Amino acid sequence: MAEIHLQHLTKQFPGGLIAVNDLDLVIPDGSFVALLGPSGCGKTTTMNMISGLEKPTSGEIYFDEQPITRLPPGARTVGFVFQNYAIFTHMSVTENISFGLRVSKPRPSESEIERRVGEIADILGLRGMLDRNASRLSVNDMQKVALGRSMIVNPAIFLLDEPFSNLDAAFRAYMRAELKRIQHEVGQTMVYVTHDQVEAMSMADHIAVMDAGRLQQYGTPDELYNAPANRFVAGFVGSTQMNFLPATLVLGEHGAGNGRSLTLGIRPENVQLAAPDAAEATLAGKVNLIEPLGAKDVIHLDVAGHGFRVVGTPGKRPRVGDNVGLVFDSARQLLFDDETTLAVDG
Amino acid sequence: MASVRLENVTVRFGSVTALDDVSLAVEDGEFVAVLGPPGAGKTTLLRTIVGLEKPVSGSVFADDENITDVYPGDRDIAIMFQNLALYPDRNVYDNLAFPLKQAKTPKAEIKRRVTDTATVLHIDHLLKRKPGKLSGGERQRVALGRAMVRDPRVLLLDEPLSALDALLRLEMRVELKRLQRDLHRTLVYVTHDQVEAMSMPDRVAVLGSGVIQQVDTPETVYHRPVNQFTARVVGSPPMNFIPCTFDTSNGVVRVLHPEFSVRVQTTVAAGIVDGASCVLGVRPEDVQIVSGSAGAAANVFVTEPLGGETVVDLHLGGQVVKALTPPAQAPQPGAGVRVSFDPRRLHVFDAASGAALVSAGGADGVFEVERPSNS
C-alpha cells in the first residue's frame with residue numbers, strides 16, 4: 001500500500017504537444033481516486049507516468065515519499081487492468097489468475113498459490129469457473145479474470161484504465177458496486193482512469209478532473225457536483241448537462257457583475273416546469289424535444305435562443321411546441337466569470 | 001425513403017446461429033433502434049439488411065420488393081459504421097461527393113446534393129477541410145452526411161456514437177433525434193447503450209442471443225417488459241430481480257419472500273401455481289427507503305453518488321438490491337434500513353422461463369406490498 005504524490009509533473013511529447021502540464025496531486029494511501037476527463041485531456045498519460053510506461057519531461061513522482069520517477073515499471077509494484085483485458089486465451093481461469101505468482105521469485109508453494117487463487121476467485125465471484133478455458137468466458141467474466149490477475153500479486157497500487165468500457169450497461173452498473181466493495185475489502189490505493197463521469201462519481205473517494213493537460217479540480221464527488229471550481233467541471237459532471245445562460249437574462253441588473261460578464265449555471269433537476277404565465281416563473285421557454293429515459297424525461301427547451309434542459313417526470317410530460325414557465329431553485333444556481341471561467345460567489 | 005422488413009431470417013456462421021428466425025418490420029420514415037448486449041446479433045442484423053450477410057433462410061424486403069438476392073450496391077441502402085471510414089486525404093466536400101461520383105451523378109447535381117446535405121448537418125462551413133482538422137462531432141456528421149447524400153431508401157447506423165466522449169454523445173443524441181424528426185428518414189440504429197435506445201427512436205427492438213425478444217415503444221419496453229432479458233437491458237442501474245415463491249392459499253395470490261410479501265390481484269392465471277418459484281422485478285427508482293417499522297429489513301453496503309441522485313446498494317435477505325434515492329436521503333454504508341416497493345411498478349416473472357407473468361401499471365395486476373411475513 002502506498003500514497004502517491006505527483007509533483008509538478010509535466011509531459012511534453014516530441015511533436016511539442018504538452019499532454020500533462022504541471023500536475024500536482026496527492027493520492028492518499030488506501031484511497032480510490034478517479035482521473036476524469038475527455039479524450040486527450042492527459043489522464044492516460046498521467047497514468048502511464050505513474051506506472052512507468054512514460055517518462056515525465058519534468059517533475060517527480062513519489063510512492064510513500066520515495067522518488068520512483070527513474071524506476072523501471074517492473075520495480076514499482078503496480079498492478080494494471082486495461083480496457084482490452086490482457087488474458088491468455090489458451091489457459092484456464094486458474095492458470096490466468098495464478099500466472100503472476102508462478103513467474104514471481106521466490107515462487108510460492110503450490111498450496112499457497114491454490115489458496116491465493118481461491119481467495120481472489122471468491123472475491124470476484126469466479127469460484128465456479130476456475131477450470132474453464134479463458135476463451136470460453138463471457139466478455140464480462142474475462143474482465144474479472146483480468147482484474148484477478150492483477151490482484152493476486154498484491155500490488156501496492158492498482159491502476160485501472162477504462163476497464164469497463166467494453167462491457168454492457170447492466171454489467172457495468174454491477175461491476176461499479178463490486179469494484180467499490182473490492183477496494184474496501186483489499187484496501188489498496190486505486191487510481192481509475194475514465195471519461196465516464198458516472199463511473200467516477202459513483203466509485204471514487206476523490207476525483208481529479210483534467211482538461212487539456214491541466215488539473216481543473218480535485219475533490220469529492222459531492223464537491224464537484226455541487227461546488228464546481230469552473231465552468232468546465234460544471235459542464236462535464238452530471239449526466240444531463242448543466243444549463244448555462246447569460247446571468248443578466250436571469251438576474252437582470254444583478255447579473256451584470258460589476259463590469260464582469262457572468263454566466264449563470266443551473267442543473268436540469270433544479271428547475272421546475274410551471275404554467276407560462278405563472279407568477280413564480282423566472283423565465284419562459286418553448287419545448288423543443290423530449291427524451292424519455294424511462295425513470296425520467298429530459299425536456300429540451302428553447303429559452304431566449306439558448307438551449308436549455310429540464311428533468312421531468314414521465315407522468316407530467318408537456319408536448320413539443322408547448323410554452324412553459326421555468327421556476328429556478330435559486331439556492332442551487334451558480335455564477336461563472338466569462339473571462340476566467342472560474343466560479344464566483346453570487 | 002421506404003419501409004424495410006425481415007421475414008423469418010436466420011443467419012448462421014458455421015455452427016453458430018447469429019440470427020434465429022428474426023422478423024422485424026420498419027415502417028417508412030420510422031426510427032427503430034436495435035438494442036442488445038455484445039454478441040446479440042445486432043451488427044449481423046444490419047449487415048443482413050444491407051446485403052453483406054446472406055440468410056440461410058428467410059427474406060429481406062425493401063418496400064415490397066424482395067431484395068434477399070440483390071447485390072449490396074444495388075439495394076439503395078446506406079450504412080454508417082462505428083469507425084467512420086472517412087478518406088483522410090480528401091476534404092469534406094470530396095468525402096460527401098464520393099458516393100455520388102461512384103453513382104455517376106452529373107457534376108451540378110453532386111454540388112447541389114453535397115451543399116444541401118452539408119447545410120442540414122451544419123457542416124457547410126467545413127467543406128474545404130480534411131477530416132484530420134475536424135472535431136469528433138464534426139467527423140461524425142461528415143460520416144452521417146456521406147451515408148445520407150445519395151438519399152438512400154433506408155439508412156442504417158451501427159453504434160455511431162460509441163466512439164465519442166460522453167458530452168459529445170449527449171449532444172449528438174439530441175442532434176440525431178432532431179434530424180430524424182425533420183427529415184423523416186427510415187432509420188435502423190444499432191446500439192448497446194440503453195439510454196440511446198430509450199431516448200431517440202420511435203420503437204426499440206430488443207435482441208438477445210439472435211432472437212427478437214420484444215419490439216415496442218421505449219416506454220412500453222421499460223414499463224411492460226415481456227421477459228427478464230428485456231427488463232434487464234433497459235434502465236440503469238438495471239431492474240432488481242428478487243427470487244420469491246407463489247402462495248395462493250385462501251384464493252389470494254401472494255408473492256412470498258422471507259422479508260416481505262406482495263399481494264397480487266389479477267385475472268391472469270397462467271404460470272401462477274401455489275408453491276412455485278417466481279421472480280419479483282422492481283426498478284431501483286421504485287425501491288423506497290421507509291421510516292418506522294414497516295417494510296422489509298435491509299442493510300446498506302455501498303452507496304454510489306451520481307450527483308443528482310444516489311444509488312444505494314442494499315443487502316436484502318442475502319442478495320443485493322439497488323435503490324435510487326435523492327442524495328440528501330441516502331443512508332450511510334453499514335446502516336440498517338427498512339425498504340418497500342412502489343406497488344404500481346412491480347413485475348412478476350416466471351422463475352424458469354423468465355417470461356413476465358403479471359405487471360402492475362397495466363390492466364392485469366394490482367399489487368399491494370405487505371408487512372414482513374414473519375411479523
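## A strand pair in chain B

Let's start with one pair of residues: L314(B) stands opposite V321(B), which lies in strand 18 of chain B. Strands here, like helices, are DSSP runs numbered from the N terminus, with at least two residues (E) for a strand and at least four (H or I) for a helix. Strand 17 (residues 310–316) of chain B is joined to strand 18 of chain B by 7 bridges, and the two run antiparallel. Two strands count as paired if DSSP finds at least two bridges between them.

This is a predicted model, in which local features need pLDDT of at least 70 and side-chain atom pairs count only at pLDDT 80 or more, while totals for chains, interfaces and linings use all residues. Residues are numbered from 1 along each chain as its sequence is written, and chains are lettered from A and ligands numbered from 1 in the order in which they are written.

Which strands make up the open sheet? In chain B, 5 strands form it in the order 15-19-16-17-18, with antiparallel pairing. Strand 15 (287–290) and strand 18 (319–325) of chain B are the edge strands, each pairing on one side only. On average, neighbouring strands of this sheet are turned by 50° against each other, direction ignored.

Chain A joins in here: its helix 5 (residues 169–186) packs on the sheet and touches strand 16 (296–305) and strand 17 of chain B.

## Where the chains meet

Contact means that the C-beta atoms of two residues, placed from the backbone, lie within 7 Å. By that rule, 35 residues of chain A are in contact with 36 residues of chain B. Helix 5 of chain A gives the largest share of chain A's side, 7 residues.

## A hairpin in chain A

Chain A has a hairpin made of strand 9 and strand 10, with 2 residues between them. In the turn, A212(A) has a positive phi of about 50°.

## Chain B as a whole

Chain B has 8 helices and 22 strands. Its C-alpha atoms fill a box of roughly 80 × 45 × 35 Å, taken along the principal axes.

Definitions and conventions: Axes are lines fitted to C-alpha atoms, for helices over the stretch in contact, and angles run from 0 to 180 degrees between N-to-C directions.
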